[in-house]
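Biologist: Could you take me through one part of this model in some detail, and then show me what else is going on in the chain?

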Amino acid sequence: MYFMSQKIERTQTGIRIEKRLLKVLKGLAESLDMTHGDLIEGIALHSFENKPAFSEETLEKIKQLKNVYDLDWTANDSHRFKEDGE
């Protein structure tokens, strides 16, 4: 097992995130037995190095969760999000 020798400092944040996307992330974190904060950290660190964050098995789980929560967006959609009043 790998243990980090460097201590980390976490902070509470108040990010806003689309409701269905959050449900998928929380469901995935639950299925991987981790917090959704740990999941988001892992996704970010992998993306910073242009590495895939998920195995094929996990991608299949994400697909199932997206179906459950009716989330049909892709990465391309993230640049077009608009809220009421914008």
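Which residues make the nonpolar surface patch of about 240 Å²?

Modeller: That's Ile 15, Ile 17 and Ile 40, which together give a nonpolar surface patch of about 240 Å². (Patch residues have over 30% relative accessible area and no salt bridge; nonpolar Val, Leu, Ile, Met, Phe, Trp and Tyr side chains are joined within 5 Å, like charges within 9 Å. Areas are Shrake-Rupley, 1.4 Å probe, with only the protein chains shown as cover.) Bear in mind that this is a predicted model, where local features need pLDDT of at least 70 and side-chain atom pairs pLDDT 80 or more, while totals for chains, interfaces and linings use all residues. Numbering runs from 1 along each chain as its sequence is written, and side-chain values use heavy atoms, without hydrogens or water.

Ile 17 counts as partly exposed because its relative accessible area is 32%, where buried is under 20%, exposed over 50% and partly exposed in between (1.4 Å probe, protein chains only).

Now look inside. The largest nonpolar core has 8 residues: Val 24, Leu 25, Leu 28, Ala 29, Leu 39, Ile 62, Leu 65 and Leu 71 (buried Ala, Val, Leu, Ile, Met, Phe, Trp, Tyr and Cys joined through side-chain atoms within 4.5 Å). Zoom in on Leu 28 and, leaving out residues up to four places away in sequence, you'll find it touching Leu 39, Phe 54, Thr 58, Lys 61, Ile 62 and Leu 65 (contact is heavy atoms within 4.5 Å).

Also in helix 1 (residues 19–31) is Lys 26, which is partly exposed because its relative accessible area is 43%. Between Lys 26 and Phe 81 there are 55 residues in sequence and 21 Å in space, C-alpha to C-alpha.

On to the charges: the whole structure has 4 salt bridges (a Lys or Arg side-chain nitrogen within 4 Å of an Asp or Glu carboxyl oxygen). One pairs Asp 38 with Arg 10 at 3.1 Å, N to O, linking distant parts of the chain: Asp 38 is in helix 2, and Arg 10, 28 residues away, is in the segment before helix 1. Arg 10 is exposed at 52%, while Asp 38 is partly exposed at 31%. Arg 10 and Asp 38 also join Glu 41 in a network of salt bridges.

Glu 18 and Arg 20 form another bridge, 3.3 Å from N to O; Glu 18 is partly exposed at 27% and Arg 20 is partly exposed at 25%. In the Lys 51–Glu 49 bridge the closest N and O atoms are 3.0 Å apart, with Lys 51 partly exposed at 48% and Glu 49 exposed at 51%.

Most residues other than glycine have a negative phi. Asp 33, though, has a positive phi near 60°; you'll find Asp 33 in the loop between helix 1 and helix 2 (36–48), exposed at 73%. Asp 70 is also positive, with phi near 55°, and lies in the segment after helix 3, exposed at 55%.

Conventions
Helices (H or I, at least four residues) and strands (E, at least two) are DSSP runs, numbered from the N terminus.
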